[in-house]
Amino acid sequence: MVSLSEIYTSNALITSSLPPRLVAVFVGGTSGIGESTLKAFVSYAVQPKIYILGRNNASAERIIGECKFLGPEGHVGEAEVVFLQADLSSMKTVEVTPEGLHAFLASAYYDRMLIIHLLAPLLLSATDSHPGLARVVSVACGCDEGIIEPSDFSALRIPSSALRGHIGTLTTLTLEALATNTGPDNSITFIHANPGLVRTPYQDRMTGAFGVFARGLMWVKKITGEAIGIEESGERHLYLLTSARYPPGGVPITGGALSAIGTNGLRANEGSKAGAVYSLDKNGEPAGEHVVSLLTKYREEGMVDRLWLWLKGEYYRAGVVLS
Ligand SMILES: NC(=O)c1ccc[n+]([C@@H]2O[C@H](COP(=O)([O-])OP(=O)(O)OC[C@H]3O[C@@H](n4cnc5c(N)ncnc54)[C@H](OP(=O)(O)O)[C@@H]3O)[C@@H](O)[C@H]2O)c1
């Protein structure tokens, strides 16, 4: 398990180990995990440039104001933070929801995979100026991959009990497809992260019986000490974005720790130039043997290509044509 002290030590080294003027995009950075990760990033990085995507202008203004008081010693208030107001649910992928896309998958899967696909070339070119550190962290349900239903990728008929496992595998295998699509020189690290239970406005947004259940569960987990505090969550996600534990690039790991194992079951070298895909639990630990074998089986069955073809078809149906 990656200890919390290791995480804080590594993050504190961002100031001296990583180059200045790193660029980061926080999709959903106006609240919760995105906001806390953004603030942690501003606290350690020298003169970073940050783009926040979200709907809530007031929250963005508040965060931009707070960032003026954050930064490493000698660099407080030097972050450039830009808010790009965007309602991602108005993207074409979601607009077709009435035509048959699963409403939850629309925001949790279709939109974010499209954004990652569109940003990948920019990330790759960014490594020209900051060699070796180009990362995508998608916060969802890493390590919870389960049985996928190939005749129902869009999860319209899947019982809710099987949805998490299905979405988990859909997400991880799609990140693998995106990693492959990035080409032979891919140096992007793709991470499917599981944040654990973090008390954020996310639970307040949930309506009906599920919302009551989620808030009740959070209350219990807070009492048992299993809930993760918002600042800690920000530090943990910043670690995923910057530690050499998930190569290539990043803050060198200390204390003899090894780099993480990718979804292909292999461990990349710290000096590796090739990107990798990681599915990580709330402690930043990679998926175990059970998940790795499941993913291997699907990969051998050609599921990565099949999934990508299907997804391209869904985007096309929604009017988004991908090369
Ligand atoms: N918290 C947990 O325990 C937990 C557990 C597992 C997975 N997750 C996942 O982690 C991610 C972040 O969760 P969180 O707890 O940090 O939630 P949160 O506090 O509700 O933050 C969600 C962020 O997404 C943005 N957003 C939501 N809908 C949007 C839309 N249509 N267009 C543009 N931006 C939109 C929100 O910004 P605006 O309001 O400004 O639009 C906000 O910045 C979610 O995907 C969630 O499924 C969270």
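Analyst: A residue is called buried when its relative accessible area is under 20%. The model is a predicted one.

User: Is Leu 133 buried or exposed?

Analyst: Leu 133 sits in the loop between helix 6 (103–126) and strand 4 (135–139). The cut-off for burial is under 20% relative accessible area. Leu 133 has 17%, so the residue is buried.

User: How far is Leu 133 from Pro 247, C-alpha to C-alpha?

Analyst: Along the chain, Leu 133 and Pro 247 are 114 residues apart.

User: Is Ser 323 buried or exposed?

Analyst: Ser 323 belongs to the segment after helix 12 (303–317). A residue counts as exposed over 50% relative accessible area. Ser 323 has 79%, so the residue is exposed.

User: What is the distance in space between Ser 323 and Asp 281?

Analyst: The two residues are 42 apart in sequence. From C-alpha to C-alpha, Ser 323 and Asp 281 are separated by 32 Å.

User: Now the ligand. Which residues are the closest to it?

Analyst: The ligand is surrounded by 25 residues. By class, this shell holds 10 nonpolar, 11 polar and 4 charged residues. The closest are Thr 30, Ser 31, Arg 55, Thr 200 and Arg 205.

User: Which helix gives the most to the shell around the ligand?

Analyst: Helix 3 (32–44) and helix 8 (201–205) each supply at least two residues of the shell. The most, 4 residues, comes from helix 8.

User: How far is a polar side-chain atom of Arg 205 from an oxygen atom of the ligand?

Analyst: Gly 196 places a backbone N or O atom 3.4 Å from a ligand oxygen. For Gln 203, a side-chain N or O atom is 3.5 Å from an oxygen atom of the ligand. For Arg 205, the distance from a polar side-chain atom to a ligand oxygen is 2.7 Å.

User: What percentage of the ligand's accessible area does the protein cover?

Analyst: On its own, the ligand has 880 Å² of accessible area. Of that area, the protein covers 83%.

User: Next, the second largest pocket. Which residues lie nearest its centre?

Analyst: The second largest pocket holds about 300 Å³ of space. Its lining divides into 8 nonpolar, 8 polar and 3 charged residues. Of the 19 lining residues, those nearest the centre are Ala 179, Asn 264, Gly 275, Ala 276 and Val 277.

User: Which element provides the largest share of the lining of the second largest pocket?

Analyst: Helix 7 (160–181) and strand 6 (277–280) each supply at least two lining residues. The largest share is 3 residues, and it comes from helix 7.

User: What is the volume of the largest cavity?

Analyst: Searching the whole structure gives 1 cavity of 30 Å³ or more. The volume of the largest cavity is about 90 Å³.

User: Which helix supplies the largest share of the lining of the largest cavity?

Analyst: The lining of the largest cavity has 16 residues, and Arg 236, Leu 240, Asp 281, Lys 282 and Gly 284 lie nearest its centre. By class, 8 are nonpolar, 5 polar and 3 charged. The largest share, 5 residues, comes from helix 10.

Technical notes:
Residues are numbered from 1 along each chain as its sequence is written. This is a predicted model: local features need pLDDT of at least 70, side-chain atom pairs count only at pLDDT 80 or more; totals for chains, interfaces and linings use all residues. Side-chain values use heavy atoms; hydrogens and water are left out. A residue is near a molecule or strand if one of its heavy atoms lies within 4 Å of it. A polar contact is a pair of N or O atoms within 3.5 Å; within protein, one must be able to donate a hydrogen and the other to accept it, and residues adjacent in sequence count only if both atoms are side-chain atoms. Accessible areas come from the Shrake-Rupley method with a 1.4 Å probe; for residues, only the protein chains shown count as cover. Ala, Val, Leu, Ile, Met, Phe, Trp, Tyr, Cys and Pro count as nonpolar, Asp, Glu, Lys and Arg as charged, and the others, Gly among them, as polar. On a 1 Å grid over the protein atoms alone, a cavity is a set of points where a 1.4 Å probe fits but cannot get out, and a pocket is an open set with protein on both sides within 12 Å along at least five of seven lines; lining residues have an atom within 4 Å of a point. Grid points are joined across faces, edges and corners, and a volume is the space filled by probe spheres set on the points. Buried means under 20% relative accessible area, exposed over 50%, partly exposed in between (1.4 Å probe, protein chains only).
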